[in-house]
Amino acid sequence: MRFDGIQNQERAFLQLNALDKTDHIPHALILEGPVGSGKTELARLLSRWAVCTSPGERPCGECAACRKALSGGHPDIFVAQGGSGSRSFHVDAIRQIRGDAYILPNEAERKVYLLLGADTMTEQAQNALLKVLEEPPQRVLFVLTCVSSAALLSTVRSRAQVIALSPGAGEGEENSDAQELAERMALALLATREYELLRLTGGLVKDKQLFRQALERLQRIFRDACVKAAGGEALLSSGQAAEALARRLTRRRIMDMMEELERIAALFERNVNQNLLATWLCAGLRSC
């Protein structure tokens, strides 16, 4: 198994390689680790590994299946995630997956379901997932990501292999987690309570690189929301936040938020205190 582009996760690599070499990759994996650990990128790499057709080390990055996976167009890779709230990953998404999982793959040897932010699943959603984990269909791989597997039901944890990731995996890995964090922050703006946005920005205070990346991705999300609100389709991000913002907010308000993000980004580059910036970010976006 190749782990190109992922660093500082040797323990997880050893676990996964041992499972791969003995042909004991389970039907469900849980990747747990803090923001910045690279769990989202590793989950996507595992999806490419699962569909890669290379006879050598996988994912090769060159076969037709890898190219489709990298472009987000492989028909046997499915991605689902919740919103910003602690219980925003609802049962309907799991029911759709459960119905689809028993259908044979389209092209690859197996189907892959990436459940990002699985720790935001409602208890009902987890119980629905448990039903398919108890009697897993052949040729299916579930990969769940979470900050801590303790947030999942013990019955779900017991039917999956938990892979613990170390914090601070490096710049390349933080990109994916920064995208996930930015998505949750953008969706938190649609919530009536302010607590969730404040909680999410807490991780930015001591991590300058993550703060910069999250700001960049928030700007992309709001740019896409503005495009969607105007009826366009040329998007830069692949998450659901842009569409939700475009559906719930006026174009004028989205543009005001974009201007506020540009102001915060400019202050960031001037090395303004990150604790203050996080506070101003929440207050500024909320006031738009």
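The chain exposes about 13,600 Å². Carbon and sulfur atoms supply 47% of that area. I note that the model is predicted.

**Entry: overall make-up.** I find twelve helices and five strands in the chain. The chain has 288 residues, and 50% of them count as buried. I then checked the contacts between residues at least 6 apart in sequence. Of these, 74% join residues at least 24 apart.

**Entry: the sheet.** I traced an open sheet of five strands with parallel pairing. Its order reads β2-β3-β4-β1-β5. The edge strands are β2 (77–81) and β5 (161–164), and each pairs on one side only. From one strand to the next, the twist averages 20 degrees.

I went on to one pair inside the sheet. Strand β1 (residues 28–32) and strand β4 (residues 140–146) run parallel, joined by five bridges. I looked up E32 and found its bridge partner in β4 to be C146.

**Entry: helices across the sheet.** I followed α2 (residues 39–51) and found that this helix lies across β1, β2, β3 (111–116) and β4. Helix α2 runs at about 175 degrees to β3. Helix α5 (residues 123–134) lies across β1, β3 and β4. To β4, helix α5 runs at about 145 degrees.

**Entry: H74.** Is H74 buried or exposed? I place H74 in the loop between α3 (64–70) and β2. H74 counts as buried because its relative accessibility is 5%, and buried means under 20%. The side chain of H74 reaches the backbone nitrogen of D76 at 3.0 Å. Setting aside residues up to four places away in sequence, I see H74 touch V51, A65, K68, A69, E107 and A108.

**Entry: nonpolar cores.** In soluble globular proteins, nonpolar side chains tend to be buried together. I looked for such groups here. The largest nonpolar core has 37 residues. M185, F222 and L245 have the most contacts inside it. Which helices each supply at least two residues of this core? I list α7 (171–188), α8 (195–201), α9 (208–229), α10 (241–248), α11 (251–269) and α12 (274–287). The largest share, nine residues, comes from α9.

I took F222 next. Leaving aside neighbours within four places in sequence, F222 is in contact with L189, L245, I254, M257, M258 and L261. A second core of 31 residues is separate, and A12, C60, C63 and L116 are among its members.

Notes
Residues numbered from 1 in each chain as written. Predicted model: local features only at pLDDT ≥ 70, side-chain atom pairs only at ≥ 80, totals over all residues. Heavy atoms only, no water. Helix = DSSP H or I, 4+ residues; strand = E, 2+ residues; numbered from the N terminus. Buried < 20%, exposed > 50% of the residue type's maximum accessible area, 1.4 Å probe, protein only. Contact = heavy atoms within 4.5 Å. Areas by Shrake-Rupley, 256 points an atom, 1.4 Å probe, with all protein chains shown as cover. Pairing = 2+ DSSP bridges. Axes fitted to C-alpha atoms, helices over the stretch in contact; angles between N-to-C directions. Polar contact = N/O pair within 3.5 Å; in protein donor to acceptor, adjacent residues only side chain to side chain. Core = buried A, V, L, I, M, F, W, Y, C linked by side-chain atoms within 4.5 Å.
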